[in-house]
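Subject: Structure handover and what was found in it

Dear colleague,

Here is the structure I promised to pass on to you. Please open it beside this email, and read the notes below with it in view.

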Amino acid sequence: MKCVLVATEGAEVLFYWTDEAFAESLRLKFGRSENEGEELPALEDQLSTLLAPVIISSMTMLEKLSDTYTCFSTENGDYLYVLHLFGECLFVAINGDHTEDEGDLRQKLCVLKYLFEVHFGLVTVDGQLVRKELRPPDRERRVQVWEHFQSLLRTYGRLREREQCFAVEAVERLIHPQLCELCIEALERHVIQAVNSSPERAGEEALHAFLLVHSKLLAFYSSHSASSLRPADLLALILLVQDRYPSESTAEDDDPQPSPRKPRSSESIPVQQAWSPASTARARRSSATETDSFSLPEEYFTPAPSPGEQSSGSTVWLDEGTPPTDAPQVQIAEDTLQTLVPHSPVASGPRRIFLDASVKESHCPMVPHTAYCLPLWPGINMVLLTKSPGSPLALVLCQLLDAFSLLEKKLKEGQEAGTTLRSHPLMGDLRQRMDKFVKNRGGQEIQSTWLEFKSKAFSRSEPGSSWELLQACGKVKRQLCAIYRLSFLTTAPGRGGPHLPQQLQDKVQSIMQEKLTDWKDFLLVKSRRNVTMVSYLEDFPGLVHFIYVDRTTGQMVAPSLSSSKRISSELGRGPLATFIRTKVWSLIRLARRYLQKGYATLLFREGDFCFSYFLWFENEMGYKLQIIEVPVLSDDSTCIGVLGGDYYRKLLRYYSKSHPAEAVKCHELLALHLSVIPTDVLVQQAGELARRLWETSRLPLL
Amino acid sequence: LLTTRHRPGCVTSDLPLYSSPAPDFAAFPQTLLDQQELLCGQIAGVVRCISDISASAPALVRLRKLKFAVKVDGEFLWVLGCAVELPDISCKQFLDQLIGVFNFYNGPVSLAYKNCSQEDLRAEWDTFIEQILKNTGDLHKIFSSLWNLDRTQVEPLLLLKAALILQTCQRSPHVLAGCILYKGLIVSTQLPPSLTAKVLIHPAASRHQPCPCCFVILGAALPPNVRIMPVFLTEEEATSLREFPREQAASPAAAPARLQQCSAQQPPHPRSTGAPTDNATGHVEPMAWMLAATPESACPDVAWPDGKGENGHLPGCDLENVKPAKLHSPPRDEGPGLGSSLVKELHLPWGEEEPDLSAIHIPEAQETETSSGYFALPSTGAPDGGGPCFEEFVRDSGDPAPESRDAPPVVMAISSVLSPSTPEMLSQNGALEQHDDLPGDSSQAPFPREDHLPGRTSRPRSWPCSDLRQRGTALPEGEQGVERSVGAHDSCSAPGGSALPESQDDNGPSADRRDPGLAPASCMGLVPTNLYTHSVNGLVLSLLAEEPLRGDDAAIEEVYHSSLASLNGLEVHLKETLPKDAAASPSRTYNFTHYDRIQNVLTANLPQTATPQDRRFLRAVSLMHSDFAQLPALYEMTVRNASTAVYACCSPAQETYFQQLAAAARSSGFPSPQDGAFSLPGKARQKLLKHGVNLL
């Protein structure tokens with residue numbers, strides 16, 4: 001019983017997602033009240049009818065009381081509603097099955113908002129423009145956009161529930177130094193350099209390339225000119241890849257042959273018309289195969305050729321019995337798709353994404369990149385990130401938008417109209433830059449809006465009121481966003497914009513396949529049993545599980561926790577591992593909540609287990625620095641996490657203020673012990689464990 | 001804090017938000033009126049909307065700066081606004097508590113708002129809220145705990161004495177159970193926590209004083225400082241208060257024996273006063289309750305963490321050794337002779353206690369006289385105590401019983417004219433009927449209340465009663481629904497009987513004896529009862545009694561006299577021994593809070609004004625308390641931030657929180673056994689022993 005809704009102030013649905021149970025409950029509700037003959041209103045309309053009062057009330061409250069709803073919970077927590085306002089859009093998450101707590105729901109909303117940013121960049125700044133992107137007037141396109149994000153949300157939910165790396169939101173690496181080195185070299189020589197030296201690259205510059213085995217990172221290489229990639233962005237990319245080429249995480253439990261998966265994109269054809277029946281079928285199948293309760297999207301579990309729902313492309317692969325090793329076949333599916341659904345932004349192939357980066361020495365959020373996801377084998381993917389020539393423009397736009405936002409804030413806060421504003425140092429600078437920008441860019445509309453603004457802000461004869469200025473400011477901002485949208489979204493590679501030619505993509509793909517072909521099977525197994533310390537159960541008697549996270553690099557290390565039947569982890573398999581998994585997940589939740597309230601150390605005993613959580617700072621050499629007061633956040637603040645609002649990055653920045661001289665690193669350790677272990681032994685073990693893990697993490701890997 | 005009630009009314013619109021009917025406000029001390037209206041309208045709409053989607057109403061609505069606990073009660077909506085810092089669970093408990101208090105003093109909301117003017121109720125709300133705000137400290141807010149006297153500050157014998165006063169009062173007819181408060185704090189209680197919480201808060205005197213039902217006539221007869229007011233128990237509460245006598249009656253021989261076993265200070269006194277069943281009711285039940293409440297010891301009176309209670313574990317000895325010395329003095333003038341003779345008669349093993357009880361027995365000597373006086377009373381207006389007020393309820397509740405339509409006008413006449421010359425009408429309250437029915441029917445009456453009179457007038461008659469009781473309850477015993485079914489029968493038959501006095505004979509006494517007022521109230525799940533309060537300076541004795549008490553002057557007198565001297569004595573002693581706001585010892589090296597989950601009381605050493613360190617403690621406590629409430633398997637927790645570390649542990653019976661105040665050496669947060677945070681459990685165990693908190 002889950003639902004997510006994004007709506008405007010006027011209760012117009014910008015996006016929604018429901019799981020099958022929730023859709024069913026809606027159907028019952030509306031089926032009962034409506035006349036028999038009449039057709040049920042669309043799910044979207046049902047949701048909007050039901051939730052409109054809440055949305056409108058929440059806006060009214062904001063207007064009248066400058067306070068608004070953040071959460072509702074019904075008796076016994078049966079239903080939980082979390083509301084979060086991002087700009088002008090209200091995000092609502094509902095859970096009716098006790099599987100998620102408030103933190104989870106809020107996190108989900110933050111992640112969704114972050115995914116919007118990754119896809120639309122600075123366009124999200126403007127409510128009206130993002131509305132055009134999220135709710136295109138063309139029905140078909142709207143369905144596509146929504147399906148894309150619905151699928152991303154599903155994938156995110158699955159990953160968060162199954163993968164430790166998504167539970168703690170840090171990248172998990174495959175630890176194999178030798179192989180890693182080999183891959184890095186290949187990525188450097190045969191991918192980045194090969195692309196950047198190719199004359200066909202059409203102005204694109206390859207920045208980063210990395211290899212993923214399922215959701216784990218095998219190797220990562222960045223070109224010299226590239227700025228570093230944030231952990232949050234890397235996680236988001238993993239999420240996108242997992243969405244497009246999902247791992248057969250549960251399927252393989254029953255099916256010894258890793259079955260080929262078809263590209264995500266081809267699924268949008270049948271599903272579009274028959275969304276609900278397909279989902280029902282999926283639910284049925286997952287229960288029939290006794291996989292765990294989480295219902296996975298059907299596309300990647302195909303134990304036998306099953307005619308019907310499958311598109312022809314995937315059936316071909318199945319019949320052949322070989323994985324789609326060659327790109328052209330993938331391309332076939334894409335081509336079919338292209339002909340069927342024109343202008344699909346969700347089509348596989350290169351995709352426009354917006355990531356944090358440094359442009360010309362200055363940090364800039366949401367710089368347009370193009371992501372190429374090149375599948376090597378099922379479960380093993382290579383991702384190539386390129387920068388388009390337009391990124392300096394993005395920087396300028398971003399800076400201008402920033403300045404105008406600041407101005408807007410000042411106008412709203414104080415009554416700084418006319419004269420005071422004009423004399424503000426910020427204004428002079430802004431005027432100069434804007435004049436230059438307008439001159440260079442031309443553009444009829446931006447010119448006229450800017451002139452209008454100037455006349456209001458700088459005119460000596462009739463200075464505009466602050467309200468008028470606000471209006472003018474908003475208009476300029478919208479124009480800037482429109483330019484941004486035009487430059488980076490309308491001409492996005494997915495929509496036929498410039499991108500690396502297919503041959504070049506194929507070339508690097510086959511080179512990497514060649515390089516890794518001997519390692520393929522090893523990697524697939526290794527990713528499932530990524531043992532970091534084989535002996536930890538012996539070395540630390542009483543220790544059941546741990547997760548060690550380096551928040552500076554955004555990477556984590558943990559014994560594998562697979563509840564899969566086929567692959568056993570250190571904790572065995574089946575029910576025990578599942579039980580431990582639920583314990584670990586609840587520990588993560590609790591630790592997050594206490595960290596949100598400023599507690600950096602937590603130790604608690606529940607039933608037969610003892611949980612401990614430690615967060616500490618150290619310098620480059622591993623010297624432990626003194627703990628500081630971690631900020632206490634309110635319940636409705638964005639969560640402790642990486643994907644939605646990079647909490648640890650902010651925390652590190654906050655800590656660094658008091659340690660300007662040295663590079664500060666932040667680490668977390670979560671440990672699960674048996675509760676018979678006395679506290680002092682437990683703490684000693686945790687310390688020893690952290691020391692050992694620190695040593696292994698010193699290995700140069702990137 | 002803000003409280004609002006709101007009647008959503010009949011909303012037909014699809015968007016209930018837009019049809020916000022005129023809201024009633026109870027108390028909004030801190031928000032502007034138009035904001036209140038806005039809030040009411042918006043929240044009512046949202047509640048409705050959420051109920052539509054989720055098929056259950058929201059219990060909590062949170063804003064950025066406020067949170068609201070919500071409860072839907074028929075067509076009424078209760079909403080309580082709290083600060084966001086307060087844990088969700090406390091916010092909800094707080095609302096439940098407020099609703100409980102309101103219902104306790106005013107009956108069901110719908111009736112209350114029909115019967116009383118908005119002004120009156122608003123004033124009453126103001127009083128409730130004011131009292132709550134005044135007395136509720138930060139810790140109390142977190143735990144929604146009762147306001148109790150710090151027992152470590154009180155001479156344990158005084159607590160014992162208070163308990164004895166209550167036991168004594170319980171022996172009076174009609175009295176069920178009670179509690180003693182000193183300056184708004186609990187000294188001793190026999191009531192379950194939920195009920196004590198309600199008694200703790202007093203309604204505004206102004207509203208209840210002019211109320212004709214309780215004071216105009218009876219007031220003259222009542223001693224000063226005594227008030228009797230109608231209150232309403234929930235059915236569960238009523239059941240729990242009346243529960244025990246049945247068991248005792250069922251095995252009259254076994255019960256006293258068992259009582260003696262578990263607590264020697266409980267007199268097995270089926271004959272010490274006239275109404276054995278009722279005595280037992282109030283007498284035994286709280287005992288059992290207390291036993292449950294203090295699992296670590298079988299003897300609640302000595303289970304208090306008084307530090308010097310080594311011998312306290314032998315209650316019998318304790319009583320014999322200590323009691324005479326202390327407790328004799330104040331009540332001695334009450335004629336110990338009689339008392340001791342009674343003691344002999346009853347073969348009580350610890351007769352020294354009796355002087356305390358002697359007050360009861362003096363009136364008993366004159367019992368026939370008083371009771372005859374009692375029967376005369378109706379003509380002087382005594383029964384109206386139960387009468388008009390509740391008749392109004394009958395009428396106003398729109399009781400569907402057709403007969404009732406005839407009766408109310410007359411009743412109204414009584415209540416307004418207060419004529420003493422309407423005995424026929426008074427029969428509705430049962431006072432007169434009792435007289436008629438007594439000889440024949442008492443033995444058939446299935447209700448315990450019937451027995452008060454016969455029991456008091458003639459002892460032998462009480463025995464059949466108890467037999468009867470036994471019989472009546474034997475079948476359904478063990479079933480929860482019994483009491484309800486009895487009550488339902490009661491309440492449903494009552495209106496008919498009361499409205500048509502002449503039909504009483506057909507209905508039998510069973511129907512009429514219960515106050516007709518019961519009918520509407522108990523149909524709403526509430527049972528009318530009387531609350532007797534006697535205040536002596538800061539000391540207040542509150543007793544819950546069956547309805548007939550109000551009409552029973554003799555009984556009132558008995559209660560009054562049996563407790564008067566002891567109360568005076570207790571008050572003096574408390575005043576003398578209680579430290580005058582001892583400035584919190586500056587040498588405090590730790591903070592602790594011990595919360596008794598069953599009795600719902602706190603022991604803590606936090607000062608009135610919180611230092612920053614105390615506030616950190618409070619913040620940690622509120623977080624951990626919520627988690628203890630949510631995760632039943634969680635039993636120990638240590639949390640630490642840069643400036644403090646707090647240790648907490650809990651069991652099904654208690655929660656304990658401990659913080660060391662000494663500035664801890666700053667650590668890195670890296671797991672290290674030298675870290676002071678991890679030695680907190682040991683320190684807590686050691687330090688808290690002297691507060692009577694045993695964590696071993």
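A:Gln107 is buried, at a relative accessible area of 3%, where buried means under 20% relative accessible area, exposed means over 50%, and partly exposed lies in between (1.4 Å probe, protein chains only). This residue belongs to helix α3 of chain A; helices (H or I, at least four residues) and strands (E, at least two) are DSSP runs, numbered from the N terminus. Leaving aside residues up to four places away in sequence, A:Gln107 touches A:Tyr156, A:Arg160, A:Glu169, A:Arg592, A:Cys639, A:Ile640 and A:Gly641, a contact being heavy atoms within 4.5 Å. Between A:Gln107 and A:Asp402 there are 26 Å in space, C-alpha to C-alpha, and the two are 295 residues apart in sequence.

Before going further, please keep in mind that this is a predicted model, in which local features need pLDDT of at least 70 and side-chain atom pairs count only at pLDDT 80 or more, while totals for chains, interfaces and linings use all residues. Residues are numbered from 1 along each chain as its sequence is written, chains are lettered from A and ligands numbered from 1 in the order in which they are written, and side-chain values use heavy atoms, with hydrogens and water left out.

A strand in chain A

Strand β4 (residues 80-86) of chain A is mostly covered, as seven of its seven residues are buried. In a regular strand the side chains alternate between the two faces of the sheet. In β4(A) both faces are covered, with A:Leu80, A:Val82, A:His84 and A:Phe86 buried on one side and A:Tyr81, A:Leu83 and A:Leu85 buried on the other.

β4(A) runs antiparallel to strand β3 (residues 69-74) of chain A, to which three bridges join it; two strands pair if DSSP finds at least two bridges between them. Here A:Ser73 stands opposite A:Leu80, and in the hairpin of these strands, which has five residues between them, A:Asn76 takes a positive phi near 60°. β4(A) is also joined by seven bridges to strand β5 (residues 89-95) of chain A, again in the antiparallel sense, with A:Leu83 opposite A:Val92. The hairpin of β4(A) and β5(A) has two residues between the strands, and in it A:Gly87 takes a positive phi near 60°.

Salt bridges

Over all chains the structure holds 42 salt bridges, each being a side-chain nitrogen of Lys or Arg within 4 Å of a carboxyl oxygen of Asp or Glu. One of them joins A:Asp126 and A:Arg478, at 2.9 Å from N to O. A:Asp126 lies in the loop between α3 (102-120) and α4 (127-134) of chain A, and A:Arg478 lies in helix α18 (residues 466-488) of chain A, so the pair ties together parts that are 352 residues apart in sequence. A:Asp126 is buried at 6% relative accessibility, whereas A:Arg478 is partly exposed at 29%. There is also a network of salt bridges that links A:Glu12, A:Glu44, A:Arg131, A:Arg135 and A:Arg142.

Where the two chains meet

How many residues of chain A are in contact with chain B? The count is 65 residues of chain A, in contact with 53 residues of chain B. The two chains bury about 5,500 Å² between them, 61% of it on carbon and sulfur atoms, where buried area is the accessible area (1.4 Å probe) that two parts lose on being put together, summed over both.

Three salt bridges are found across this interface. A:Glu102 forms a salt bridge with B:Arg62, in which the closest N and O atoms are 2.3 Å apart. B:Asp627 and A:Arg593 also meet in a salt bridge, at 2.4 Å from N to O, and this pair crosses from helix α30 (residues 612-630) of chain B to helix α22 (residues 575-596) of chain A. B:Asp627 is buried at 1% relative accessibility, while A:Arg593 is partly exposed at 27%.

Strands also pair between the chains: strand β14 (residues 601-606) of chain A and strand β13 (residues 634-640) of chain B run antiparallel over six bridges, and A:Thr601 stands opposite B:Arg640 there.

With best wishes
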